[in-house]
Every structure is written in structure tokens, then in C-alpha cells.
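Welcome! Here is a short tour of a protein model, arranged by topic so that you can follow along in the viewer.

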Amino acid sequence: MISDAIGFEKKFRLKEDQKFEQYKVMLPKLREHDLMIKISAISISTLDTQIRQTIKGPKKPYVLGFGGVGIITRMGSSDSRLNVGDRVLFVNKVGKYGSYSNFQIVDRRSVVKLPTDFPTDEAAAFSYSFFLAFEVVFKQLGLAPKPKKNSGTLLILNTSDGLGASIIQLAKWAGLNVVATINKNNSEIWIKNMGADLVLSQSNHLARDIKNTGFSSVDYVINLDTEKEKSFEHLADFEETATILLLHFINKKKKANVSDYQNFYCEDFLEESFASEEGINYSRKIMELLIYLWEKKQLKSILTAQLNGFSAKNFYGAHKLIENNPNFRHLVLIN
């Protein structure tokens, strides 16, 4: 089957004279574990914009997109959990057949059926942000993935997008106190609404500022802005007491000073997660937790903006909005 998709031939920055274009791509044949999904909505974040600027390889056109919400239209074989017509949530690795497309082939073992009361746009907003947040909080930091079974204080540096919002909510669910820092252009109200106990402006005296507000110590630190060298200046004050994690959206040439801390690469993790049956099943279990928490009203929507229509113009506009407006570094595109 051929699907209309939005992609590009080579990496580019927005200021360059290059745009997204519409292509027709041949989808692979359905294997036993495959589903064909008609895409309803997808999530776009900083991860997408950074990959657009750095991607290389033989696959062209490049069609980005790590998942979202869609309707099952075909199945490689029967499945007791799923049927044609079901509305499902999915996460996938990026590649030639990413979700910037009208249709996509995905592994049915990684998808979950959405409850009727879970809005399509809000579910799509979570998709891979929740998946990454779970991995960071519970696997990388070594916390127990159970409600209120952990203690301590988590400091999140440069909290602005859907990934940061998901990390805040999962950390609070797990029992941590959360301190979040923002720059002057971010919305303090939105970060507090996500559940942060304390929101501070980014400064050169974070340890002092946190102590002055009544938090005796910081046990975990996640830096969400590793692209800026200056962001490392805040970490030295927490080295002796905290587990420090640097989150990288993509795997660029490593900076000399990142080796002193724990590092997590989002793009690499998403690629590796779908390379084995264990990883595929792991992704489904996390999506099942997402739905469970939503049904128990323990999650708040992380949707900040949405655009309607899969077109080259709208994808370009989405990337431009994410790169230029700190309060819209995570949005949903409705097909």
C-alpha cells in the first residue's frame, strides 16, 4: 500500500531555504505481528526538531514521527486484544516509515486500545514523552515504579516540554518532591499545574535558592537542556549528594564533561526499544500504565497546542513553533 507522507531529502535548519515536502511512500507488507494504522494524531517535540537537523543515512525521504493515535485498518493476523476499527495508542522507532504519514505499519505487540473517554489529542501528546519519562525516572534513576514508594527530592533543570511535564507527574506519583527550573520565557503556571512543588528561575545559585525555600537536600537531578554548555555549570553543587542524569535528545559528538555524569540518549533508546520482542512488550506495558493512570485521574494533560491537517506547511509551522517559542516545545498535529 502507498501512503502520503511528509518528509525531506536531507537534514536542514529552518533558516535554510528548504522545506518539508509531500511524498508517496510504499509501506512494507504486513507480517504476522503487524498492524496497519490510519494516523489520527501525532506528537511533535524537541526530539523531532533536533533529528531533522542532524539525520543522515541511506533512507530517503526521511519521514519522522515516533508515535501517536490511530485507527487499525488491517491486521497481519488475529489478536484477542485488538480488532480492525479499534482506536489505539502506539510508540515506534523513527525511520523511513515514521508517523508523519497518513498510514503506518506498527508491531501490534506495542500498541494499546484507548478507552473511549481518553481524547485523541491528549493521548497523542503523551505517547513517546510518557514512554521516555518512565524510562528516565524508573530505569535510569533506579526508582521503584510504584505509587508513593520512593522518597527524596528531584531537581529538573530547564523544564519546558511534554517530556519534562511527564517526568514531573511520574516522579510525584512515585513519591518524590519535585523542584523544576525554567528560564524567563517559560510558563511557571503550567509547570506548577503539572505538579512541581517548587518552580525556580534558572540561576547560578540554585543550591542556595533551593535550600532557602526549605528543601534540605537534592537527591536526583535531571538536566533536560544538554545542548547548552552553560547548563552544566549548575551541576557541580549537587555532585556529592545527588544522582545526576543528563538527558540528550540525540547522540551528537559527546562533550568532554558529560562523562562525569549518567547520560541518556532519547533517540538511541527509542531505536533499541523496538529491536527486540522484550523491548516491544516493555513499550506496551508502559502505555498500559499511562492509560491506567489516566483512568484513575492521576495524570493531567500535557497538551500545549495543536495544529490541524497533515501538510508540509503545518509540519514546518510546528517545528518553527517548537524551536522559537519556549512554551510550545511540545504539540500535537491532528490528521
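The largest nonpolar core of this predicted model has 105 residues, and among them Phe-130 and Ile-167 touch the most other members. Helix H2, which covers residues 120-140, gives the most to this core, with 13 residues. Another core, of 16 residues, lies apart from it and includes Val-218, Leu-235, Phe-238 and Leu-246.

- H2 has 21 residues, and at 1.5 Å a residue they should span 30 Å; the end C-alpha atoms are 29 Å apart, which agrees.
- H2 has a bend of about 40 degrees at Ser-127.
- Because 17 of the 21 residues of H2 are buried, this helix is largely enclosed by the rest of the structure.

**The six-stranded sheet**

- Six strands form an open sheet with parallel pairing, in the order E10-E9-E8-E11-E12-E13.
- At the edges stand E10 (198-201) and E13 (262-265); each has a single partner strand, so one side of each is left without a neighbour in the sheet.
- On average, and with direction ignored, neighbouring strands of this sheet are turned by 20 degrees against each other.
- H2 packs on this sheet, where it touches E11 (220-223), E12 and E13, and the direction of H2 makes about 155 degrees with that of E13.

**How the strands line up**

- A handy idea to keep in mind is that strands of a sheet pair through backbone hydrogen bonds, either parallel or antiparallel.
- E8 and E11 pair in the parallel sense over four bridges, and Ile-156 has Ile-222 in E11 as its bridge partner.
- E11 and E12 also pair in the parallel sense over four bridges; here the bridge partner of Ile-222 is Leu-245 in E12.
- Four bridges link E12 (residues 243-248) and E13, again in the parallel sense, with His-248 opposite Tyr-265 in E13.

**Two sides of strand E11**

- In a regular strand the side chains alternate between the two faces of the sheet.
- Which residues cover the two faces of E11? Tyr-220 and Ile-222 lie on one side, Val-221 and Asn-223 lie on the other, and all are buried.

**Leu-157 in strand E8**

- Leu-157 belongs to strand E8, made of residues 153-157.
- Is Leu-157 buried or exposed? Its relative accessibility is 0%, so Leu-157 counts as buried, since the cut-off for buried is under 20%.
- Leu-157 and Met-75 are 82 residues apart along the chain, and their C-alpha atoms are separated by 43 Å.

**Helix H1**

- Eight of the nine residues of H1 (residues 46-54) are buried, so this helix is largely enclosed by the rest of the structure.
- The buried residues of H1 are Thr-46, Leu-47, Asp-48, Thr-49, Gln-50, Ile-51, Arg-52 and Gln-53.
- What do the buried residues of H1 pack against? Their partners are strand E3 (34-45), H2, helix H6 (266-273) and helix H8 (312-324).

Terms used: Residues numbered from 1 in each chain as written. Predicted model: local features only at pLDDT ≥ 70, side-chain atom pairs only at ≥ 80, totals over all residues. Heavy atoms only, no water. Core = buried A, V, L, I, M, F, W, Y, C linked by side-chain atoms within 4.5 Å. Buried < 20%, exposed > 50% of the residue type's maximum accessible area, 1.4 Å probe, protein only. Expected span 1.5 Å × (residues − 1). Bend = angle between axes of the 7 residues up to and from the residue. Pairing = 2+ DSSP bridges. Axes fitted to C-alpha atoms, helices over the stretch in contact; angles between N-to-C directions. Contact = heavy atoms within 4.5 Å.
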